Structure formats: structure tokens, C-alpha cells
Amino acid sequence: MSSSRVGLRLPACLLNISEARRKYIVENTAKVTLLDKNVRKTRQLKLNDIVFYLSVLNIFSDQDYNRSVITIAASVDKLGSSVLAACLEAFQAIDREFQEGIHPCLGAVDLIPVYLLSGVTVE
């Protein structure tokens, strides 16, 4: 299989935020990953002459833990700015003074794993 195929060149991030009970905060945090601050429209990417969009693949929220995982897929060069935008949104919206849940949390965002798929290097 060629590493130039779109599906093999996209990393995914499972952004963990300390909120699940206020759905609008979780949704706003996810939406911000899809917006370009300059033009406020969905980001469009072109890779090997194929046009695709950044994508929020899944949002999983656990009410007891009061924690959500937002799965974001994007090209290597766009993932960082998308995740950073989501983190900033979460930091502004989630007040840790009043956040409670059975899972220990380090902050508004406490885990940002990035999974490098085949054909993508750490660089």
C-alpha cells in the first residue's frame, strides 16, 4: 500500500477534557477545531490533489467521570493548530474550581495523545 493515500497520512488526536455534563462546552470545544480563525469557515485541506476536511470523528462523554474525549483527525501540518484551538477553548470555558467528577483531573485539558498512523513520521 502506498503511504501517499489520504487515510495513511492522517494522524488522530484523542483530546481529553474535564467536562461532560455541560454538553454545549464539549460541543464548542470540538467545533473550534474545525474553524479557521481568519475566515471562520470549515478548514479545507488538499493532500495529493485530494480535498478533504478536518474532522471530529467522535465525541465520547462520561457523566460520572465528568470527562470527554474528542477524536480529531487532520493532516500533520493542521492537527497542531486545531488541537491548540480546542485546548484554548476548553481552558476558557472550564472552571476547575467548580468541576467535579470521580476521575482525577489535572486541568481543563489533561491528556493530548496523538496517534501517528502509517506513513507519518514523528518529525
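Modeller: We shall go from the overall layout to a pair of helices, a strand and a few loop residues. Please keep in mind that this is a predicted model.

Biologist: How many helices and strands are there in the protein, and in what order do the elements run from the N terminus?

Modeller: The protein has 2 helices and 7 strands. Starting at the N terminus, their order is β-α-β-β-β-β-α-β-β.

Biologist: What share of the residues counts as buried?

Modeller: The protein has 123 residues, and 39% of them count as buried. Among contacts with a separation of 6 or more, 69% are between residues 24 or more positions apart.

Biologist: How should I read the arrangement of helix 1 and helix 2?

Modeller: Consider the distance between the axes and then the angle. The axes of helix 1, residues 23–32, and helix 2, residues 76–93, come within 7 Å and cross at roughly 155°. Angles over 145 degrees count as roughly antiparallel, and helix 1 and helix 2 are therefore roughly antiparallel to each other. Their crossing is right-handed.

Biologist: Which residues make the contact between these helices, and how do they divide into nonpolar, polar and charged?

Modeller: Helix 1 contributes I25, N28, T29 and V32, while helix 2 contributes A85, A86, E89, A90 and A93. Of the residues in this contact, 6 are nonpolar, 2 are polar and 1 is charged.

Biologist: Which strands are joined to strand 1 by bridges?

Modeller: One is strand 5, residues 67–73, which pairs with strand 1 in the antiparallel sense over 6 bridges. Here L15 has I70 of strand 5 as its bridge partner. Another is strand 7, residues 114–115, which runs antiparallel to strand 1 and is joined to it by 2 bridges; in this case C13 is partnered by V114. Strand 6, residues 109–111, is also antiparallel to strand 1, again with 2 bridges, and N16 has L111 as its partner there.

Biologist: And which way do side chains point in a strand?

Modeller: In a regular strand, side chains alternate between the two faces of the sheet.

Biologist: Next, the backbone angles. What should I notice about the phi of N66?

Modeller: The general idea is that most residues other than glycine have a negative phi. The phi of N66 is near 55°, a positive value in a residue other than glycine. N66 lies in the loop between strand 4, residues 55–62, and strand 5.

Biologist: Is N66 buried or exposed?

Modeller: A residue counts as buried under 20% relative accessible area. N66 has a value of 4% and is therefore buried.

Biologist: How do T33 and L34 count in terms of accessibility?

Modeller: T33 is in the loop between helix 1 and strand 2, and at 1% relative accessibility T33 counts as buried. L34 is found in the loop between helix 1 and strand 2, residues 44–47, and at 24% L34 counts as partly exposed.

Biologist: How far apart in sequence and in space are L34 and S82, and T33 and E89?

Modeller: L34 and S82 are 48 residues apart in sequence, with 7.0 Å from C-alpha to C-alpha. For T33 and E89, the separation is 56 residues in sequence and 9.5 Å in space, C-alpha to C-alpha.

Notes:
Residues numbered from 1 in each chain as written. Predicted model: local features only at pLDDT ≥ 70, side-chain atom pairs only at ≥ 80, totals over all residues. Heavy atoms only, no water. Axes fitted to C-alpha atoms, helices over the stretch in contact; angles between N-to-C directions. Helix = DSSP H or I, 4+ residues; strand = E, 2+ residues; numbered from the N terminus. Parallel < 35°, antiparallel > 145°, perpendicular 65-115°, else oblique. Left-handed = near helix turned anticlockwise from the far one by under 90°. Contact = heavy atoms within 4.5 Å. Nonpolar A, V, L, I, M, F, W, Y, C, P; charged D, E, K, R; others polar. Pairing = 2+ DSSP bridges. Buried < 20%, exposed > 50% of the residue type's maximum accessible area, 1.4 Å probe, protein only.
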